[in-house]
Amino acid sequence: MKLYYAPHTCSLSPHIVLRELELPFELVKVNNQTKQTADGRDFRTINPKGYVAALELVDGDVLTEGPAIVQYLADLRPGMQLAPPNGTRERTRLQEWLNFLTSEIHAGSAPLFQTALPEAAKAHFRERLFKRFDYLDGILAESTYLMGQQFSVADAYLFTVLGWCRFFAIDLDRWPSLAAYAARIGERPAVRAALRAEAQG
Ligand SMILES: N[C@@H](CCC(=O)N[C@@H](CS)C(=O)NCC(=O)O)C(=O)O
C-alpha cells in the first residue's frame, strides 16, 4: 500500500493507523501547493479531488476520505481492535465520532487556515470550534479515549486535528482534559514514529 500524505495535514491520521496496525506501507509525499508527488507525478491523476490523504492499494485501487481510509485499515487487522466489528452499535458509535471530527473539528478549523478571511470571520469560526472543544473536554474528563478504554482510529484523527491548534495560536491548556489526552496520544510509539517520519520526509 502507498499512503499519499502532506506533513501537518489530516493524512497524519491514516499514517498513525498504518503504524499502529504494523501494516507494510510506503509513504509518498505530496506538495499540496503544486500537486506534485515527491516521485514527480501529478497527484490529481491519483486523487482527482486533489487533496490528501489517498491510499493506493496493492491492486492499484485508490481510497480517499480519511474516515473511510482508517476504517478500511482497521478492518484489515480486526484483532488490533482499532475499530469495533462492522454491523455493531459500537461501530456506529465510532462512525458517529469520525463524522463529528470530520465535519465539526476538521472542517470547522479549516477556515482558520484561510489567510484571506477577515479576522471577524475567523473569530466566529474560532468560537464555534471552542464550543466543540468544551464538549470534547467534558467527554475526555471521564474517558481515556473517545471510545472509552480502547484506543481507536477516532483517536488518531482527533490527535491529528488538535495538532493544528499550534498554527492558530490556540492554547489547548484552556481544555485540561483535551490537553492531557493530546499529550497521552502523542506518547504512543506509533504516533511518535509517524511524526518523526513526516519530519524527515
Ligand atoms: N474530506 C477530506 C478532506 C481532506 C483535506 O481537507 N485535505 C487537506 C489537508 S488536511 C488538503 O490536502 N488540502 C489541499 C487542497 O484542498 O488543495 C477528508 O476527510 O479526507
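Helix α2 passes helix α5 in a right-handed crossing, where right-handed stands for the near helix being turned clockwise from the far one by less than a right angle, and left-handed for anticlockwise. The model is a predicted one, in which local features need pLDDT of at least 70 and side-chain atom pairs count only at pLDDT 80 or more, while totals for chains, interfaces and linings use all residues. Residues are numbered from 1 along each chain as its sequence is written.

Now for the details of that helix pair. Helix α2 spans residues 66–76 and α5 residues 153–162, and the two pack at an angle of about 140 degrees with their axes 10 Å apart. (Axes are lines fitted to C-alpha atoms, for helices over the stretch in contact, and angles run from 0 to 180 degrees between N-to-C directions.) On the α2 side, Gly 66, Val 70, Gln 71 and Ala 74 meet Val 153, Ala 156 and Tyr 157 of α5, contact being C-beta atoms, placed from the backbone, within 7 Å. This contact divides into 5 nonpolar, 2 polar and no charged residues; Ala, Val, Leu, Ile, Met, Phe, Trp, Tyr, Cys and Pro count as nonpolar, Asp, Glu, Lys and Arg as charged, and the others, Gly among them, as polar.

Stepping back, the protein chain has 7 helices and 5 strands, both taken as DSSP runs numbered from the N terminus (helices H or I, at least four residues; strands E, at least two). Along the sequence they follow the pattern β-α-β-β-β-β-α-α-α-α-α-α. The radius of gyration of the chain is 17 Å, close to the 17 Å from the globule rule for 201 residues, so the chain is as compact as a globular protein of that length. (The radius is taken over C-alpha atoms, and the rule is 2.2 Å times the number of residues to the power 0.38.)

The ligand sits among Ala 6, Thr 9, Cys 10, Asn 32, Gly 50, Tyr 51, Val 52, Ala 53, Glu 65, Gly 66 and Thr 102, each with its C-beta atom, placed from the backbone, within 6 Å of the ligand. That shell splits into 5 nonpolar, 5 polar and 1 charged.

Val 52 and Ala 53 are joined by a cis peptide bond, with omega about 5 degrees, and Ala 53 lies in the loop between β3 (36–37) and β4 (54–56). His 8, not a glycine, has a positive phi of about 65 degrees; its place is the loop between β1 (2–5) and α1 (12–20).

Definitions and conventions. Two residues are in contact if their C-beta atoms, placed from the backbone, lie within 7 Å.
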